[in-house]
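Thanks for coming, everyone. I'd like to walk you through one structure today. Please bring it up on your screens.

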Amino acid sequence: MWGAIHELGHNQQRGCWEFPSHTTECTCNLWSVYVHEVVFGINREKAHSAMTLASRNKRVKDYIKGGRKLSSWSVWVALETYMQLQEKFGWDAIKKVFAAYHEMNNFPNDNKGKMNLYAETFSQTVGMNLTGFFKAWGWPIEQATEEKLSSLPDWTDHPMV
C-alpha cells in the first residue's frame, strides 16, 4: 500500500512548505507513514523497508559523515528530519504546523526563505526553539530567525546533537 498512499500524498503537498527538489518525493511519504500507523495500525518499520531503525540510523550516520549537505538532503534522508520531529512532538504537531500555513500568505519563493519559515512555524507551534535542530540538518537558518525564536527554550537534546 505504501506506493499508492505515497502517490495520494502528493495531493497533500503545498508549494509554500515544499523545498524543491529536496522534498518533492519526501513529504508525500509523511502521509504514507501516518496512514500506515494511524489508520492501518501498522508500525512504520513494517510499512516500508526503508523505515527500519537500522536503515534510518544508517542514513543519518551517512548524511552526517558526508558533511550534512543539503545537496544530499532528499527523499529518505529528508524524511528522517520530519520523522525526528514527529517522534518528539507527535502527529498533532505536524498537523498543526501544516494547518498554520492555511492562515498565512506572502510566502517566500526561495528554499532558504521557506525553510526559515518552516523552522519558525514549527518552533512556535511546539513552543520550543528548533533552530539548532534544523541547523544540525544543514538547513540555512538565518540569524533573524534565530532572534525571533530566542525567547523560546532550546531543544538541546535533539537527535542530531
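**Helix α5 and its neighbours**

Let's start with a pair of helices. The axes of α5 and helix α6, residues 111–126, come within 9 Å and cross at roughly 95 degrees. α5 and α6 are therefore roughly perpendicular to each other. Who makes the contact? On the α5 side, we have Tyr82, Leu85, Phe89, Ala93, Ile94, Lys96, Val97, Phe98 and Ala100. On the α6 side, look for Tyr118, Thr121, Phe122, Thr125 and Val126. By class, the contact of α5 with α6 has 11 nonpolar, two polar and one charged residues.

One caution before I go on. This is a predicted model.

Now α5 itself. Helix α5 covers residues 75–100, so to speak of its length, that is 26 residues. How far apart are its end C-alpha atoms? They are only 24 Å apart. A straight helix would reach 38 Å at 1.5 Å a residue. And where does α5 bend? At Phe89, by about 115 degrees. Phe89 also belongs to the contact with α6.

Next partner: α2, residues 28–39. The axes of α2 and α5 come within 10 Å, crossing at roughly 60 degrees. That makes α2 oblique to α5. The crossing is right-handed. From α2, the contact takes in Asn29, Leu30, Trp31, Val33, Tyr34, Glu37 and Val38. From α5, it takes in Trp76, Leu79, Tyr82, Met83, Trp91, Lys95 and Phe98. Sorted by class, the contact of α2 with α5 has 11 nonpolar, one polar and two charged residues. Notice Tyr82 and Phe98. They touch α2, and they are in the α6 contact too.

Left-handed or right-handed? The crossing of α4 and α5 is left-handed. Arg56, Arg59, Val60 and Tyr63 in α4 meet a set of α5 residues: Trp76, Val77, Glu80, Met83, Gln84 and Glu87.

Two backbone details to finish. Which peptide bond is cis? The one from Pro20 to Ser21, with omega near 0 degrees. Ser21 sits in the loop between α1, residues 2–10, and α2. Then there is Arg68. Arg68 has a positive phi of about 55 degrees, although it is not a glycine. Find Arg68 in the loop between α4 and α5.

To recap: α5 bends at Phe89.

Technical notes: Residues numbered from 1 in each chain as written. Predicted model: local features only at pLDDT ≥ 70, side-chain atom pairs only at ≥ 80, totals over all residues. Heavy atoms only, no water. Helix = DSSP H or I, 4+ residues; strand = E, 2+ residues; numbered from the N terminus. Expected span 1.5 Å × (residues − 1). Bend = angle between axes of the 7 residues up to and from the residue. Left-handed = near helix turned anticlockwise from the far one by under 90°. Contact = heavy atoms within 4.5 Å. Axes fitted to C-alpha atoms, helices over the stretch in contact; angles between N-to-C directions. Parallel < 35°, antiparallel > 145°, perpendicular 65-115°, else oblique. Nonpolar A, V, L, I, M, F, W, Y, C, P; charged D, E, K, R; others polar.
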